[in-house]
Amino acid sequence: MTGPTREATADLITLPGTPLADAVVNLIRPVETPSVFNHSVRSYLFARLVAGRLGLAVGHDYHDDLLFAACAMHDLGVASDGPHSQRFEVEGADRAAAFLIERGVSAADADRVWQAIALHTSPGIAERHGTLCALVREGVALDFGGPLGAVHVDAVTDEQADAVHAAYPRLDMIRSLTDAIVAQAAKNPTNAPRYAIPGEFLRERETFGRTRLEHACRSSRWGN
């Protein structure tokens, strides 16, 4: 079996390149670890593959700039420059929506991005709040390789995965992201409500030294 052509690989890893997408990259790159930044971008690339698998057309079924913005900023709540005063999903959603409105995005579209980010850790809910929420949720889940949901894990071929990971290496993403979520959660009790992801991660780390997700990801498709 031959690998993807150079043109196919370029298309696979190409980001939108619009002024809004560039502004999003300039926002998150300095304040996220390289590992979390790469995870955020991979989530977008994987979300596009899911969209293709579902027969969704860019410009008709979803707006590519909004998909990129939501995926790229979905972990903005653990950024180093944040106030860290709410659970990370909500804090990131608030920051992302405000950022978009400041750049002329409509309130309705900013709210769609807010929902996609706020709900990305809520399986069974995100999928029922429109295409953008569903694609962000699935893109993020795909980057975990299975433990967050394996519905579309075969939407990515081995060749495509190799190309994405070569462009945006994992860099021990599971540990890096979990560290960031736990650190943010530990700063304030309101950041770590029971039965929400940040609260459970914090309690599992304190009790067992690692989270169940970290354990599960060892045998996931990507491994880390």
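Does Cys 71 count as buried or exposed, and at what relative accessibility?

Modeller: Cys 71 counts as buried, because its relative accessibility is 0%; buried means under 20% relative accessible area, exposed over 50% and partly exposed in between, with a 1.4 Å probe and protein chains only. The model is predicted, hence local features need pLDDT of at least 70 and side-chain atom pairs count only at pLDDT 80 or more, while totals for chains, interfaces and linings use all residues. Residues are numbered from 1 along each chain as its sequence is written, and side-chain values use heavy atoms, with hydrogens and water left out.

The cysteines come next. The structure holds zero disulfides, a disulfide being a pair of cysteine sulfur atoms within 2.5 Å. For Cys 71 the nearest cysteine sulfur belongs to Cys 133, 11 Å away. For Cys 217 the nearest is that of Cys 71, at 18 Å. Cys 217 also counts as buried, because its relative accessibility is 1%.

Now the nonpolar core, defined as a set of buried Ala, Val, Leu, Ile, Met, Phe, Trp, Tyr and Cys residues joined through side-chain atoms within 4.5 Å. The largest one has 70 residues, and those with the most contacts inside it are Leu 67, Met 73, Leu 100, Val 113, Leu 132, Val 136 and Phe 144. Its largest share, 10 residues, comes from helix α3, residues 34-53. Helices (H or I, at least four residues) and strands (E, at least two) are DSSP runs numbered from the N terminus. Leaving aside neighbours within four places in sequence, Leu 132 is in contact (heavy atoms within 4.5 Å) with Leu 66, Leu 67, Ala 70, Arg 112, Val 113 and Ala 116. In soluble globular proteins, nonpolar side chains tend to be buried together.

From first C-alpha to last, α3 reaches 29 Å, close to the 28 Å expected, where the expected span is 1.5 Å times one less than the number of residues. Just after α3, Gly 55 takes a positive phi of about 75°.

There are two aromatic pairs. Rings of Phe, Tyr and Trp (its six-membered ring) pair if their centres lie within 6.5 Å; planes under 30 degrees apart count as stacked, over 60 as edge-to-face and the rest as tilted. Tyr 44 and Phe 68 form an edge-to-face pair, 5.0 Å centre to centre with 90° between the planes. Tyr 44 sits in helix α3 and Phe 68 in helix α4 (residues 64-72), 24 residues apart. Both Tyr 44 and Phe 68 are buried. Phe 46 and Trp 222 form a stacked pair, 5.9 Å centre to centre with 15° between the planes. This pair links Phe 46 in helix α3 to Trp 222 in the segment after α11 (212-217), 176 residues apart. Phe 46 counts as buried because its relative accessibility is 0%, and Trp 222 counts as buried because its value is 15%.
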